[in-house]
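Reader: I would like to learn how to read a few features of a protein model. Please take them one at a time.

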Amino acid sequence: MDKTALRDGLMQQLWRMIKMDLMVNIREFLEGESAALNYLNGCGEESVTPSQISENICVSRARMANILRSLRGKGYIEMEISAADRRKMDVRITPAGREYCREKYDFLVRYFDLYVDVLGEEDIKDLTRLIKKTADNEVFLKK
């Protein structure tokens, strides 16, 4: 086994994949404003604190403040002082924010449907299995 060639080949193909439109769209959905909205959308009608959102999407509190300011300006979220603790803010997604999330998600679903069509059932199952194996073994990859 030529580990160097295997590693270099993997790195080259992952680099190419990262530049694909598919990955750009996934990243957009999983980072920044879209990630915050997606998290809030998953909370249903429940309000959450900026700290909870920041911890969930792995961004600093300063970055979270900027994200929330932008989302509020777009009408995608509502923020109010917490009735339970006046030092905290409660954040909730608006119907416009839910609609934005739905449109983004629908776009990704259509994109992935095309991806499945291109690769086919067997290759998608193999790719899914390998991605799952990678995610399941992340702790070992951090060494």
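Author: Start with accessibility: buried means under 20% relative accessible area, exposed over 50%, and partly exposed in between (1.4 Å probe, protein chains only). At 8% relative accessibility, Thr94 counts as buried. This is a predicted model, in which local features need pLDDT of at least 70, side-chain atom pairs count only at pLDDT 80 or more, and totals for chains, interfaces and linings use all residues. Residues are numbered from 1 along each chain as its sequence is written, and side-chain values use heavy atoms, with hydrogens and water left out.

Reader: Where does Thr94 lie, and which residues does Thr94 touch?

Author: Helices (H or I, at least four residues) and strands (E, at least two) are DSSP runs, numbered from the N terminus. Thr94 lies in the loop between β2 (89-93) and α6 (95-136). Contact means heavy atoms within 4.5 Å. Not counting residues up to four places away in sequence, Thr94 touches Gly75, Tyr76, Ile77 and Glu78.

Reader: What is the average pLDDT of the protein chain?

Author: pLDDT is the predictor's confidence in each residue, from 0 to 100. Where pLDDT is low, the predicted coordinates should not be read in detail. The protein chain averages 90, and 98% of the residues score at least 70. Among its elements, helix α5 (residues 61-73) has the highest mean pLDDT (94) and helix α7 (residues 138-141) the lowest (72).

Reader: How many salt bridges are there?

Author: Side chains of opposite charge can pair when their charged atoms come close. The rule asks for a side-chain nitrogen of Lys or Arg within 4 Å of a carboxyl oxygen of Asp or Glu, and by this rule the count comes to 11 salt bridges. One of them joins the side chains of Arg92 and Glu78 (3.9 Å, N to O). Arg92 lies in strand β2 and Glu78 in strand β1 (residues 77-81), so the pair ties together parts that are 14 residues apart in sequence. Another salt bridge links Glu99 and Arg102 (2.5 Å, N to O); being 3 residues apart in helix α6, these two are separated by about one helical turn.

Reader: How many disulfides does a search of the whole structure find?

Author: A disulfide is a covalent bond between the sulfur atoms of two cysteines. With the cut-off for the sulfur pair set at within 2.5 Å, the search finds 0 disulfides. The sulfur of Cys43 is 11 Å from the closest cysteine sulfur, in Cys101, which is too far for a bond. Cys58 is in no disulfide either, the nearest cysteine sulfur, that of Cys43, being 15 Å away. Cys43 is buried at 18% relative accessible area, whereas Cys58 is exposed at 69%.
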